[in-house]
Structure formats: structure tokens, C-alpha cells
Amino acid sequence: MMIPCPLSLILLFPTLGMISIFFVPSKNSSLIRRIATTALLLPFLLSIWVFTSYNHIAGGFQFVENIPWVVPFGISYHLGVDGINSLLALLVGLGSFTACLASASIKDRIKEYYIFLLLTVIGTYGAFLSLDIFFFYFLHEIATVPVFLLIGIWGSKYRDYAAMKLTLYLTAGASLALIGLIALYNATGLQTFDLVQIQQHLINHPIPVAVQNWIFPLITVGFGITLTLWPFHTWAPVGYAEAPTAISMLHAGVLKKLGAYAIIRFAISLMPEAAHTWMPIVAGLAVVNILFCGLVALTQRDLKYILGYSSCSHMGYILLGLACLNVIGLNGVVFLMFAHGVMATLAFALTGFVTDQTNTRNLDELGGLGKRLPFIGVCFSMAALASAGVPGFGNFVSEIMVLLGAWDQYCLYTVLAILGIVITAIYMLKVIRLGFHGPLNPRLPSVLDAQTPLAKLPFVLLLAALIIVGCFPTTILKHIDSGTKPIAERIR
Amino acid sequence: MVNPLLPWIAFFSPLAACLLITLFTLRSKSSSALLAILGILTSFICTLLMAIAIFSSHPALEFQQSMPWIQFDALTINFGVLVNPLAIMMLLVVTGVGSAIFIYSKGYMADDTSASRFFAFLSLFAFSMIGIVLSNNFIQLFIFWELVGVSSYLLISFWYEKKSAADAGVKAFMVNRFADFGFLSGILLLWSVSDVGHGRSFAFTDLAQSIGHIDPALLGVIGLLVFCGVVGKSAQVPLHVWLPDAMEGPTPVSALIHAATMVAAGIYLLARTFFIFESLTDVLYIIACVGVVTALMAATLAIVEDDIKRILAYSTLSQLGYMVMALGLGGPLQGMYHLTTHAFFKALLFLGAGSVIYALHHEQNIWKMQGLLKKLPITGITFLIGTLALCGIFPLSGFWSKDEILSLAADRNVVLYWIATLTGGLTAFYMGRLFWIAFWSKPAIEKHGHETHESPAVMTMPLVFLAILSVIGGFIGIPHFLYPESEHLTLNITVALTSSIIALLGLGLSYMIYSRRPSREPLEKKLGVIYTLLKNKYYFDALYSWYVNSLQQGFAKLLSWFEKIFIVNLGVHGITHTAKTIGNTLRRLQTGLVQFYASIFVLGAVFLFIALVRNL
């Protein structure tokens, strides 16, 4: 089967969905929900199709669409996937579809909610699929701005503070990165934002090392903020905690990975010499991320704060893997981006479910939910174990690869990173112990487990993805390897 | 020739059972039990077939099969099986004793509403354990090592509504996790220095051949790190604290996981990767010392314990200490021999205890049991056999295997030998105490409606099966099967006599104290301060809970506070506050008063005029 312009279609469906929601009266909420779900299901299926039909033996960018747009500045509508972003597009598909299904508890201003949600998803898909730096940046901002509104309007108690903080941080990071990207644009002297052309050109005409050395940290720190690089991480726990469930899922699971993706694509791949200078510092910060955020997670009592700090802590492994600058590490990073993305999406979805049922996120007010919510309890336990790096889930595979990749250069850091896995296990088991095990807290209201197949679908999908890649890593590793191989060759 | 499919069928049939139960039979307890039993029996039969094939070939067969699990240019991690006599022996223990325990569980768990979940977890455990036994490389072994930890966690906290059970599960998992931190570091270090000709490798056979190239000091570090994993899984001092608490799990779990198999995985790991340790005399000495300390310390703790399962748990710790000591003295054969016989009689004892607990409606305190030998004859007699085997009474299996370890110790290190021999006396004492109190004395007069009955046949048959094994375990050629090329072991008469006399003394002493069933513990007065020390388990738990709750949590709080004060308040809010202040200050200038603007204008003009004049 051949689908024409699959990548454009992926962007088109949610756009059409968004436009049609404009014309639906806001009272007709079930129609709005149905349109949004369909508009996210179709690109999800397409992303599966793109991923499975990507030819990893041939490698390179495939399904390319290139339409010049602003010719004088060299801006073009240029889409394409290699082994890396074909996988990440799949992650967006999985994350956005399940996030949409998890939005059932949103009851007010449904129309606006779904419009913003779809806009965010369009931006995220677009940023991952775009091979034009201008479009990447533009769509990345498109994804970020609606998040401000989604948290500010539909968030919980401290939503104003959280929305403002998250947006200011991300904007500050993005501006830093923008300076870097413009400098990069000038440094190549090509007058083009086209990533493929820039890559080709730089093979023979690398940017002077002195120039690389000041552009590289701008881009890395700028996008590092999205990736909760310590000490720029404090927006994340509060942001995720106050955001509505679907946004926590989407942001922690998917959007955050844009930071790592941009660092791979623009910083490491285009400025390999500077990478070797700066990455040891990043590796150090990565370990601080892992241990600091992990330990802070130990002190939290709020379920979503624990997950938020946990997410910051896990980003440390991604940063450490990036700092390896070798194939094993890079493969581990991309694998971890997918595995952590799925796991975080799942964990926030489950937390959202529990919070909707019990009206609390405080572990002290929960307890013994396992008997009342057997299905959710099992899923939560599995998500927690996956997060704690238990084999059988994708996280273990990727963390092992990151550790193996890092060992030669950063032996001590690697040992500390292994310690981080122990810390993760402590707070994850604590969540299970206090939330789901033990005697039932008598003050809890009556709760209802996920009953219908549709209610169970998002959890089952995400768990299945985690287990499949965890038990059969080659299913995605072949793609990843074909994508990272050219990058690894450049940075050698 | 061994059929190449056999190890794989043995490997995956419990997993298949687990999946089938989870997907289809969660509502039907009996079909879940049946599936689980079928799964483990299939493994057992495959293992028997392999054992026959291997045993009948000379020289002993060793073969491996593997396929890539993770593979790209720079890294290959395989998934495979390495079958040799050692692995087959261990597999026989796991699946054989496992089968008996699975069948027993069908009776024991019959009344539990979540029995299906129990059998799913139990099958998952069996799969993981078989994975440890068969793995042909370190990463795969580590994977199953962790899965065993997870299934143990799930099974310990099986009755998770109970606070103590839920806590015990977490404790077991965390202690093991902490130990695995060392183990994984060791694996990575070994991998990074391994040079097997075609790059680096995790495979045991590759590593065994190239281990000589590694710097001895570095190899010593690797050895100690790998031993960390053993200390966790086999519950050696100082990480032994999780095992007694793990008795919160259902009794078949204690029998299978916390006596016969999982805790023995550490010993098996040492034997399987003994090529690392062979040349490391210092590391081996440390290992032996850890073993003997565990053996002695656990035996002393068992003396003051009142819970029947916890007594057995301490006894398990103590016996594991013997095995670790044997490995440390350079005797994988002796260690594995004792592992095998111990699996028989300790599983028997636990299942016996389970039968008692079942009959007494979940009573575990031995002071509330009386005269069980008469009321539960099959349980009682098989329990007696297990007790005698554990004490090392001739000619039961425990006698032979313990004797091997003691002979080895007498040969290599006299101090360790004497400590181990005296520990044998303590073993006999605490087992005697248990037996005299709970089984020997006259039965209490029953209240009406609470009559105690012998357990059903589905539970007593496994007891009889294991009792037979405990009796004949010394005569069926286990050592020869384990290491076909090693010379035949001979009985050291002096060692055998000494240990037998000490064991009988221990039993006799306990008979003198307990046979008339004192109403309360007489040791409390006699031991004084020592009794308090033992009752508090040498304060290990207190120390750890201080570490976890005060030190670790305190440090975490400090960091949390640091984040709040420095990063958020001073950093983030500081910047925003500065920006706001500057904005507010500048805003004041915009007063809207024409006079103010005019005066500023005049001032500026004057300033410029002066500046100009100065320059002129």
C-alpha cells in the first residue's frame, strides 16, 4: 500500500479537525470529542504506517516533501523522516491519541480546550517532522503557546503561577536557542534554513571551531531548558502538577523530547567539535539531574510532583546519553526518548484517573486503592516498575545502553547514574505502597475502576508499547540505529 | 545428544502459563492452578530429559544456543541458554521442588479469592528463576535476576492490604536493588575490560577464556562487585534483613522462593561464574568470612524467635552462609551440593510449617502450638525428617552435604571450621526447640468446633515426596552429577563424628530445656542482655531504618530546601523580583505632571550645558 504525502497528511488531519471544531456549536460536546479523537487517531495510524514502511536498510530521509516558500531567506516547507524522527512521530501519535482519550474529564469550555489541544499536537508533529530549521522553530513555538492557555484555564489550584512559570522558562530557553540557530544560519553562509543542505555542506566545510564553541552552548542550554537541564528544571514539577491530565501526558511524555531531538539534530550533529568540548560539562549536570531531582522526589507527597521530579531525574539519563557522543549512547538516548515518553504518558494518565476518582493527589490521603481499582492498580504498578528500570519494559533496555555508552568516558558518572536507578525504585515503590497497597483509607470517596474497553484503551496501548520495545528491542532499534549512524560518523 | 528445543520449552512454559492465566483464567481458580502446575511440570519433564541425555554422555555435555537481542555495530547482547551439568542440577532443583510446591499451593491457596493472581505470579517467578539458571551471559542473567526480585516483591506483598506484607515487599525489593547497584557496576566494569578477540563480551564462555588477561587488582574489584549481588539475593550479612520479613508472603512462596530457589540464586551465580573468583584468594577469603558470619549470626537469632516461619527463615540464612563459605573456600561443588539437599529439606520444612499454619487457621507462634505430632501425623513425621536432615543427622541428606563443607573448611581454614561446626550445634538447638515445643508435647484440649485436622492429600503428597528426597539425597550421586570430572569425595571420619556429636548435643540440650514445655521462654532469664540483643536482631533493622528515615530522608529534604531557597526563591523569583523592581522604579518617573517633566528637562539642559562648558 502506498499513501501519497503521508507526512503532510499527518499534519492535515488535526488541522482539519481543529477547523471543523470551530464550526461546531460548543453545546454539542460529544461531536467535538468525536472530531478531536478522529483527528488524532488518523495521524496516529499514519505515523504507525510511516514507521513500519520506513526502509531502515536504505536509511536517510524518506517520505520527503520539499516546497520552497520564502526563497530569499531559504525557508521551505520541508518534511521528511529518518530512523530517529519516524520513531518520535510515532511517539507523538501514541501520546496525543491517548491524551485525547484521557481528556474525558474536561467538562467546561470543551470547544476551546480541544482547539488548543489540537494546535499543540499539530505543532509537535510539525516540529518533529520538519527538516527546515525555521519551520522547526516556528512549530515548536506553536506547540508551546497553547500549553500556556491549557494550563492557565483548565489547570488545578496554582495554575496561574504554573502556566506563567512554564511558559516563561520555555520561552527564555527558546530565545537562547533562537540566537544560536540564527548564528548557525549565518555561520554556514548558505542562506538557507534547510537542514539537509546544511548537513551536506558542513561535511566538507565545517563551521570554525571558535564559532562552534559559542553557538553550541546557546542551542544546548536553550533546548536543555525544555529538557529540564539542572538547574533550569523547576518549571517542570509545578507545571505538570497543575496542568490538566492530557497536558501533563503530552508535555512530559512528548513535547519535552523536542529538546533532546533538537540537541541531537542541530547541536551535536552540526557542531561535533564543540560537542566534544562542552559535553563533559553536560554529563556532570546530567548526573546532578539524576541524583538531585531523584532525591527531591523522595520528599514529595503529591503524586504529580513525584512524577514531575522523576521525569526531571530521568532526563538526566537522556543528557548523559547525549554526552557520550558515541553510537551506543545515542541509540540509548533515542530509545529512552521513546520509552520514557510512553512511560511518562502512561504514569500521568493513570495519575489523572486516580485524581479524578479520589479528588486528591496527596499520597497521605490515598491508600489501599488496589482492591478498589484493580485494573488501574496493575497498570500503575507496571508503570512504576518500568520507571524503576525493571527489565521487560523499554526503559531498562535504553538505560542499559546509555550506561554502556557512558562507561568508557564517564566511569564515575555512570556509577552515580546506576545509583539513580536505586533512588527511582525507592520513590516509585513508595507511591505503590502508599497509594495502592496497605489498608484502604476509610476517608476516600467511592471510586470506580476503568470499566469499558474504551476507558482501558489508552492504558493498554501505552503498556503494550512499553512491553513490546522492552522485550523485543530490535523492533525499534533497527530504525534508531539507521538514524544515529550518520550522526555518530560525523562526531567521531 | 540433547534436543535443542528442550531448554527453550523448559524456559518458556511457565511464562506461557503466566500469560494464559492473566489473559483467560483470572476468574477460575482451579484452572489457573492447573495451568501453572502444567507449566512447571512441563519444565520439569524437559529438564529430566536433558538430565538423562547429559548424564549418559561422556565427557559431560555442555552446549549453548543464542540469538541476538540487541544488535548493532558497536554492541551485541545475546539472549541464549548455556546448558551444562551445573545448570541442569540447579534446574532440576528449581523445577522439581517447584513442581511439588506448585501442587501443594493448589491446596494451600484453595480458599484465597485471588488465587489466580497467585499462580500467575508464581509462574512468573518460575520463569525468571529458570532464566537465571539458563542464561549464557551477564546481561541476560541480570535481567532475570531483576525479574526474580520483582516476582519476589509481588509475592511477598501478595496480601497487600496487610500493612506488614506491603512493607516487607518493599523492603525486600529495595535491599536487593541496593545490592544490584554493585552487581550491575561489576558487570559493566567486567564488560569494559573484557577483550575476547572480537571486541567486548558479556558471554560466560567468552569471559572464562579471556579472564586471565585482566589486571588482577581490577578483577578483584569486579569480583567484590559481583559478590554484592550475591549478598543481596542470598541475604548475607549485612543485607540479610529482608529475608525474615519476607515471611509475610504466603507459605508456599517462602518455601519456593525464600528457601529453595531464589535465595540460592546467589550461590548458583558464584558457582556459575567461579572462573572470575578462582584466582582471587583475598576476595574468596572475604566471601568465606561473610558466609561464616552469616551462618553464625542467623543461627543465634533463630534461637530466640517465636514465629515458626521466621525460625525457618533464620535457619535458611544460616545455611546460605554455609554455602557461601564453601564457595569462599574454593569449593563450588560442596556449596552446590548443600544447596541441593538444603532445597529438599528446607522446602519440606516450610511446607510442613505451612501445613501447620493451615491447620491452625493462620497461627504462626510456636508457643501457641502443642502436640502437633499426634494431631498432624504426616506433617509431623515429615517435619521431623526435615529437622533431622537440617541438623545433619546420619544418614539423611543434610549430613552428607554439610559434612563436605566442614571437611573442606577443616582442610583450608581451622578457625572457620570451628565456627561452622559450633553453628551446627546451634542449628540443632533451635530446630530442636521448635520441634519439642510445637510437635512433641501433649496435645492441648480442643475447644469445640476448632478441631485440628491433617491437611488434604494435595498438600501432604508433596511433603512425602520432599521427605523421601531429604532422606535419600546423600545417596543419589549429586556431587558426581554436578562436577563429573572431579575426584570422588571421601568421608572425613573425624569431621563427621565431631559434627554429629555436636548436633546431638544441641538436640539433647534443647530437649532438656523444652521437652516439658515451659510456659514461657526460659532463655530470657538465662541469657540476660544477650537475649535483648538477639531479640532486637543485633539492631540491624534499627540502624537501617535510622539511615533511611533520618539520614537519607534528611539529605533529600536538605536538597529540596536548597532548591526552594536558592534555585526558586533567590534564582527564579529573584530575577523576576529584580525585573519588577526596576520596572516599578522606572514607572515612577512617568508621573504625568507637566511640572515634573519640565524640571527634568531644565535639569538635563543645565547638565548638558555644564558638560559642554567644561569641555570647552
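**Helix packing and chain contact in a predicted model**

Modeller: In this predicted model, R159(A), A162(A), K165(A), L166(A) and Y169(A) of α6(A) meet W235(A), V238(A), G239(A), A241(A) and E242(A) of α9(A). Local features need pLDDT of at least 70, side-chain atom pairs count only at pLDDT 80 or more, and totals for chains, interfaces and linings use all residues. Residues are numbered from 1 along each chain as its sequence is written, with chains lettered from A and ligands numbered from 1 in the order in which they are written.

Biologist: What makes two residues a contact?

Modeller: Their C-beta atoms, placed from the backbone, lie within 7 Å.

Biologist: Why are α6(A) and α9(A) called oblique?

Modeller: They pack at an angle of about 135 degrees, axes 8 Å apart. Under 35 degrees counts as roughly parallel, over 145 as roughly antiparallel, 65 to 115 as roughly perpendicular, and the rest as oblique. Therefore α6(A) and α9(A) are oblique to each other.

Biologist: Why is chain A called as compact as a globular protein of its length?

Modeller: Its radius of gyration is 21 Å, close to the 23 Å that the globule rule gives for 492 residues, so chain A is as compact as a globular protein of that length. The radius is taken over C-alpha atoms; the rule is 2.2 Å times the number of residues to the power 0.38.

Conventions
Axes are lines fitted to C-alpha atoms, for helices over the stretch in contact, and angles run from 0 to 180 degrees between N-to-C directions. Helices (H or I, at least four residues) and strands (E, at least two) are DSSP runs, numbered from the N terminus.
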